[in-house]
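Hi,

Here is the structure I said I would pass on. Have a look at it first, and then read my notes below.

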Amino acid sequence: MADNKNEILEEQRRAREEFLELKKMQSGEMKAPPKPSEVAIVPKTPKEKWDNFWFQYKWYVVAITAVTVVLAVLITQCATRTKYDMEVVYFTYTAALDEQTNAVAKYIAGYAEDVNGEINIQVVNCSFNGKSGDTQYRYTMMTKLQAMIAGDQNAMLFITDEDSYKYLADLSNGDGLFDGEPFMLGEEFYKATDSYGKLPEGLRIACRRVSDTVLESKKGSVNAHTNAEKTLEAIKSGKKN
């Protein structure tokens, strides 16, 4: 009987304390306890810790991984990219195969000086069929050509036909794109490049003008121009390296 009375008194005491705490919280004298949803759950097992980490930081992990992969690809590409001794623009109104321009690159390499341990010549194919109705392809090649002229300081030698040479010679506000007259490519050139079909007759090679242009102040352009002039003189004289 006494035990029951003690329990009742204890419950009444707790009820009074809870009532007083509630009144204090309502009046702002006492801070309300956190809601169950606000109580931090501390992970204990390794699995719980991993799940909590992944939930909190998964997007950071994904972003860091993506950036790392992109950087690795870029670094690999830069490390393995071929360094060219010279760039040559092949621009004619008769379409040429890439295999044919590769043969042109091999021919020019026979006259070029090595500047980085191995002679590598890149011939950029900007040719297209001038009589074709494919205006989209023509526009693509002309855009590619203009980009080479405007933005590539290493593209100094140009191989053209008569009409494409006239087109380029009229650029640069009438001052002309080239130094001097072009050199007509002869029988030796055509024999060296006929593996995939003969290139059109009347091809010529010329060196781009650097003096009195924005390229004159760029050291890379001046060096590229010097190498291009030496190569052109070697082709003219027939003196291979």
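Bear in mind that this is a predicted model. I started with helix α5, which spans residues 162-169 and has Ser 164, Tyr 165 and Leu 168 buried. Those three sit on the same side of α5, because the arc they cover around the axis is only 105°. So what lies over them? The cover for the buried residues of α5 includes the strands β1 (86-91), β3 (155-160) and β5 (204-207), along with helix α4 (135-151).

The start of α5 is worth a look too. There, Asp 161 has a side-chain oxygen within 3.3 Å of the backbone nitrogen of Asp 163.

Next, the sheet. It is open, built from 5 strands with mixed pairing, and the order across it is β2-β1-β3-β5-β4. The edge positions go to β2 (121-125) and β4 (183-184); each has a single partner strand, so one side of each has no neighbour in the sheet. Back to α5 for a moment: this helix packs on the sheet, where it touches β1, β3 and β5, and its direction makes about 140° with that of β3.

How many disulfides does a search of the whole structure find? The count is 0. As a reminder, a disulfide would be a covalent bond between the sulfur atoms of two cysteines. The cut-off for calling a residue buried is under 20%.

Finally, the overall picture. The chain contains 7 helices and 5 strands. Read from the N terminus, the elements go α-α-β-α-β-α-β-α-β-α-β-α. Of the 241 residues in the chain, 30% are buried. As for contacts between residues at least 6 apart in sequence, 70% of them join residues at least 24 apart.

That is what I have for now.

Cheers

Conventions. Residues are numbered from 1 along each chain as its sequence is written. This is a predicted model: local features need pLDDT of at least 70, side-chain atom pairs count only at pLDDT 80 or more; totals for chains, interfaces and linings use all residues. Side-chain values use heavy atoms; hydrogens and water are left out. Buried means under 20% relative accessible area, exposed over 50%, partly exposed in between (1.4 Å probe, protein chains only). Helices (H or I, at least four residues) and strands (E, at least two) are DSSP runs, numbered from the N terminus. The arc is that of the directions from the helix axis to the C-beta atoms. Contact means heavy atoms within 4.5 Å. A polar contact is a pair of N or O atoms within 3.5 Å; within protein, one must be able to donate a hydrogen and the other to accept it, and residues adjacent in sequence count only if both atoms are side-chain atoms. A disulfide is a pair of cysteine sulfur atoms within 2.5 Å. Two strands pair if DSSP finds at least two bridges between them. Axes are lines fitted to C-alpha atoms, for helices over the stretch in contact, and angles run from 0 to 180 degrees between N-to-C directions.
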